[in-house]
Amino acid sequence: MAGGKYEFSQLRCFVAVAEELNFRRAAERLHMTQPPLSRQIRLLEHGLGLQLLERTNRRVSLTPAGESFYDSATDMLQRSEHAILKARQAQRGQYGSIALGFVPSAALEFVPRIVTMAAERFPGVTLDPTEMMSYEIVEAQRSGRLDLGLTRMEQTRPEIARERVVSEPFILAIPRSHPLADKANPTLEDLNGAPFVGYSTERGGFVRETHQTLLSSRGVTPRIVQEVSQTHTVLAMVNSGIGAALVPASSRVLGMKNVRFVDLDLPRQFRSDLYLIYRAGERTVLQERMRQLIVEALAPYND
């Protein structure tokens, strides 16, 4: 009602009377006595400028205005209760949304695992994952467009906290038509002079630098035939027979039919690491709960 004045306590009183059509039963339902209940109904009618109830010695009934207002009143009470519930859930970190940025390589196995666990653990939370490059994730984190990020960058900025959540070895991906495919235990040294698919500087810089340091430490110089940015593209090249490649162990999930994966005995400092980043000292309850969930979800990959 335009210009009408009322309190939610008055709405609850009116709904109880409208449903019971009896002041005594409505008062018992509301755990109050009849006089204050009658007073709340009178105040409501006065504030609205409407008669909502017909009262006689024998019965109570709704006026046409009361019937119409009953529908609105129950809707307002339900929405109010829902708003309070959502606010309490948000305070406990059980409701809201989280914007998660992630590098493309995390999409193979890690992000699906996080999304599945979050849906089971926090059904009231909307997780919004977005594929981005590492530098984009850091900038979006600084500007507040992201709550959390999964990045390959080892160095960030003072205002950005980070923790390693994945540390997985590199494995050798060989085309089944490659001469090494028939060798029982291929090694890194077998790549010397062999056609090799690498990561490009522009988009795969962190992995590329790790590969270069690793190969150099072993005195291995493969013949680079192609450099691309993403792991799924690297494996597509291997699958077509162009050359071998070094890829993170989680890449096995792609399972391309013409690719053979081989475990290598490599020093632990040459691994594919993934970091969870977030604004230092500025986490909400929900952000902290999601941070803990991601750490837990990826714990099997962080040996």
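Author: Before we start, helices here are DSSP runs of H or I with at least four residues, and strands are runs of E with at least two, numbered from the N terminus. The model is predicted, so local features need pLDDT of at least 70 and side-chain atom pairs count only at pLDDT 80 or more, while totals for chains, interfaces and linings use all residues. Residues are numbered from 1 along each chain as its sequence is written, and side-chain values use heavy atoms, with hydrogens and water left out.

Reader: Where is Arg289, then?

Author: Arg289 lies in helix α9.

Reader: How far apart are the C-alpha atoms of Arg289 and Ala118?

Author: Those of Arg289 and Ala118 are separated by 10.0 Å, although the two residues are 171 residues apart along the chain.

Reader: Which residues in α5 meet α9?

Author: On the α5 side they are Phe110, Arg113, Ile114, Met117, Ala118 and Arg121, with contact meaning heavy atoms within 4.5 Å.

Reader: Switching topic, which residues of α6 are buried?

Author: In helix α6, residues 134-143, the buried ones are Ser134, Ile137, Val138, Ala140 and Gln141. Seen down the axis of α6, they fall within an arc of 165°, so they line one face of the helix; the arc is that of the directions from the helix axis to the C-beta atoms.

Terms used
Buried means under 20% relative accessible area, exposed over 50%, partly exposed in between (1.4 Å probe, protein chains only).
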